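Visitor: Could you walk me through a structure, one feature at a time? I would like to learn how to read each of them.

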Amino acid sequence: MAWRAQFGKRGAVYGCWVSKPGFDVLTCAPGDFLVDTASQVFQSIFRGDSLIVNEGQAAIGAGTYGISVGLPASVSGLSNLMMMATYYMVQNNGAQFSAPNISQTYLSFRTAGGVLFLNVTFRANGGTGTANVTFEHRAAYTIFRGQF
Amino acid sequence: MVQRVLRGKHPSGAYGFWVSKPGIDVASATVMGFAFSSDFVPPVMVIQGSTVSGPTNGPGPFSASGAVPGAERTVNTIGYGRTVSPIPAAFGIATAPNWTLPLAVATGQLGYLAGRWHTHVYETCDNNTVIGEYGPQIVKTTNTQANQVSVNWHSAQFILVPYTDRIEIITNNRNTVSIKYLVLENRS
């Protein structure tokens, strides 16, 4: 049975390693680890779920609508952090929709100077045109410890 | 040489396990200085897998109408078996032998998509390809309001849509599409 966990020194490097089942942690290749602190371990440092723009009955013009989210002090001042985001819409009756699939809109996002910028761009004029029908344009996101 | 591994009590008072990047002292490292930190979670996978999506028959856009494969979108729904909040992030790749549009014409379109893996497909016909079944003016570069047809009839699609309890894999192709997908939680 292969030795799968090593804490301390592996070769000339100190750290922590856990190998995949069946692989010897002391000899396996970089791609055969579950944990490898000799490489950057992909970890989440911040997450959120934010309302970017509320689309009501009244027409709103084509253009970009955005918000900014302050990030924790631990990443203050940092830019171009690695992140992922999911863009979706919620109707005021609670129904959820995939925004990119049903609307002429798209999401863009980036971090700069310790601030997360979330933008929704309307390629054409928006507005539900219907009384008492509104859509929240939202994004759920995670920021990882890594920079471009 | 700096100390790079710390297990137990950090000088700040917290207990855990930390490894800093080469050249950075683990006791004084800031968030970007760590190779690993027990203060943060790794990405948490919701589901991962592979599937195939065949064409969905629908009324054809031409005079010899009837059931035409790919004239309707195919929605392949895969549940997580639990609710994930906030909505997670979905990633996927898809390939097909070709992405022929749901037309009667024998000649293939979108040949540049064939046999390759794609992260997203939302393509109309090749530039300046004239599709007589819609009339002579339906081409990618010049079609405007005057000659609109259903987007399902003149586009190939592969779109991943995450929800809190499922993903919907949307394809539009006359052929069967092979898909690999991965859904990650938005969490920290």
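**Strands, sheets and an interface**

Guide: Start with one pair of residues. Phe158(B) faces Thr171(B), which lies in β11(B). This is a predicted model.

Visitor: How many bridges pair strand β10 of chain B with strand β11 of chain B?

Guide: The two strands, residues 155-162 and residues 166-172, pair over 6 bridges. Their sense is antiparallel.

Visitor: Which strands form the open sheet that holds β10 of chain B, and in what order?

Guide: Read the order across the sheet. Here it is β7-β11-β10-β9 in chain B, 4 strands with antiparallel pairing. β7 (74-79) and β9 (121-124) of chain B are the edge strands. Each has a single partner strand, so one side of each has no neighbour in the sheet. From one strand to the next, the twist averages 15 degrees.

Visitor: What is the strand order in the open sheet of 3 strands in chain B?

Guide: The order is β1-β2-β3, again listed for chain B, and the pairing is antiparallel. Look for the edges next. β1 (5-9) and β3 of chain B stand there, each with a single partner strand, so each has one side without a neighbour in the sheet. The average twist from strand to strand is 15 degrees.

Visitor: How many bridges join β1(B) to β2(B)?

Guide: There are 5, and the strands run antiparallel. As for a residue pair, Lys9(B) has Tyr15(B) in β2(B) as its bridge partner.

Visitor: Now the interface. How many residues of chain B are in contact with chain A?

Guide: Count each side separately. 27 residues of chain B contact 26 residues of chain A. On the chain B side, β2 (15-20), β3 (34-37) and β10 each supply at least two residues. β3(B) gives the most, with 4 residues. By class, this side of chain B has 21 nonpolar, 4 polar and 2 charged residues.

Visitor: Which domains does the assignment give for chain A?

Guide: Domain 1 covers 5-36 and domain 2 covers 44-147 in chain A. Over C-alpha atoms, the centres of these two domains of chain A are 40 Å apart.

Visitor: What is the mean pLDDT of chain B?

Guide: The mean is 81, and 76% of the residues of chain B reach 70 or more. One stretch needs care: residues 134-148 of chain B have pLDDT below 50. That stretch has 23 contacts in the model beyond near neighbours in sequence. Where pLDDT is low, predicted coordinates should not be read in detail.

Visitor: What are the ipTM and pTM scores of the model?

Guide: The ipTM is 0.78 and the pTM is 0.81.

Key. Residues numbered from 1 in each chain as written. Chains lettered and ligands numbered in written order. Predicted model: local features only at pLDDT ≥ 70, side-chain atom pairs only at ≥ 80, totals over all residues. Domains from an automatic or database assignment. Pairing = 2+ DSSP bridges. Axes fitted to C-alpha atoms, helices over the stretch in contact; angles between N-to-C directions. Contact = placed C-beta atoms within 7 Å. Nonpolar A, V, L, I, M, F, W, Y, C, P; charged D, E, K, R; others polar. pLDDT = per-residue confidence, 0-100.
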